[in-house]
Amino acid sequence: MAPGAAKRRAAGSGALTRWSAGATGHTAPAIAFQPVPTPSATESPEAGPPALRVTDLVKQYPTGTQALKGVSLEIPEGSFFGLLGPNGAGKSTLIHCTTGLAMPSSGSIEVFGHNAVEHYTEARKAVGLAPQDLNIDHFLTLEETLDFHGGYFGMRKKDRKERIGELLEAFSLADKRHDRSRTLSGGMKRRLILARALMHRPRFLILDEPTAGVDVELRLELWHYVQQINKEGTTILLTTHYLEEAEQLCDRIAFINGGEIVAEGTTPELAAHYGVDSLEDAYLELVGRKELSRAHVGSDVA
């Protein structure tokens, strides 16, 4: 069975699920995200294109800086994929090229089979982006923030109204719908960013360091949210500097450094590739800082 096939089948049932009380100490609200459409009975789940296919992607800026050097990457539909690397490795540039915020110098990007440059509209409609920066208009209410975003993606007014209600309820923001976003706490702004990314029902969600700078409780809360979204069929690409986050959430992980994909696999596969016991030690090998391994802490003190 192709990766994500079971998730797509589960999403097709349309049944809502409720999370049990987890590490945050409360029961999360019932999820009301619209399920991702499933293939018909005559379609083979293996037949569809991957959520993202990047082939020999190069991005060189006018200054001469080459941010991406022939990157090739494939993310199967329905997967939860991690992209890890140090600052300046090329993660943001890859995301920008995928979402139309930057133009590739050469190579190709396809989102569910749609070329991200030649068929930009089709490719961009399939993608929801939750950026690291809290890029929301502080003078808009939460309802207006989601409504405007839905309008950009061609959603009808009635559909937008229903979707706004679903998302605000799911993210525990319903009682804030008429508040201006500048009045929200940092954690609530993070939830609003994620709700906005999901507003137009994307099939592919990109999370660019979604838990940067948030407290432990909110981080675990967001883990629950995105895991449920993925179980309902949405493909997710996650970038993060929290390695335990990638281990907990991702099916597969790729290491990027110096504008190149240098390794890809499951956590055990990456550890084996670098001849170490953990993802953290594999990452330290990647960035050339293996002396920082926790395995050395006790011996250094002794």
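In which sense do β9 and β10 pair, and over how many bridges? The two strands pair in the antiparallel sense, over five bridges; pairing here requires that DSSP finds at least two bridges between two strands.

Before I continue, a word on provenance. This is a predicted model, in which local features need pLDDT of at least 70 and side-chain atom pairs count only at pLDDT 80 or more, while totals for chains, interfaces and linings use all residues. Residues are numbered from 1 along each chain as its sequence is written, and side-chain values use heavy atoms, with hydrogens and water left out.

β9 and β10 belong to an open sheet of six strands, ordered β6-β7-β8-β3-β9-β10, with mixed pairing. Strands are DSSP runs of E with at least two residues, helices are runs of H or I with at least four, and both are numbered from the N terminus. At the edges stand β6 (127-130) and β10 (260-265); each has a single partner strand, so one side of each is left without a neighbour in the sheet. On average, neighbouring strands of this sheet are turned by 20 degrees against each other, direction ignored.

Helix α2, residues 91-98, packs on this sheet and touches β3, β6, β7, β8 and β9, contact meaning heavy atoms within 4.5 Å. The direction of α2 makes about 150 degrees with that of β7. Axes are lines fitted to C-alpha atoms, for helices over the stretch in contact, and angles run from 0 to 180 degrees between N-to-C directions.

I turn now to the rings. How many aromatic pairs does a search of the whole structure find? The search finds three. Rings of Phe, Tyr and Trp (its six-membered ring) pair if their centres lie within 6.5 Å; planes under 30 degrees apart are stacked, over 60 edge-to-face, and the rest tilted. Phe-255 and Tyr-274 form a tilted pair, 6.0 Å centre to centre with 45 degrees between the planes. This pair links distant parts of the chain, with Phe-255 in strand β9 and Tyr-274 in the loop between α9 and α10, 19 residues apart.

Phe-255 is buried, at 0% relative accessible area, whereas Tyr-274 is partly exposed at 21%. Buried means under 20%, exposed over 50%, and partly exposed in between (1.4 Å probe, protein chains only).

Why is the pair of Phe-255 and Tyr-283 edge-to-face? The planes stand at 80 degrees, with the ring centres 6.1 Å apart, so the pair is classed that way.
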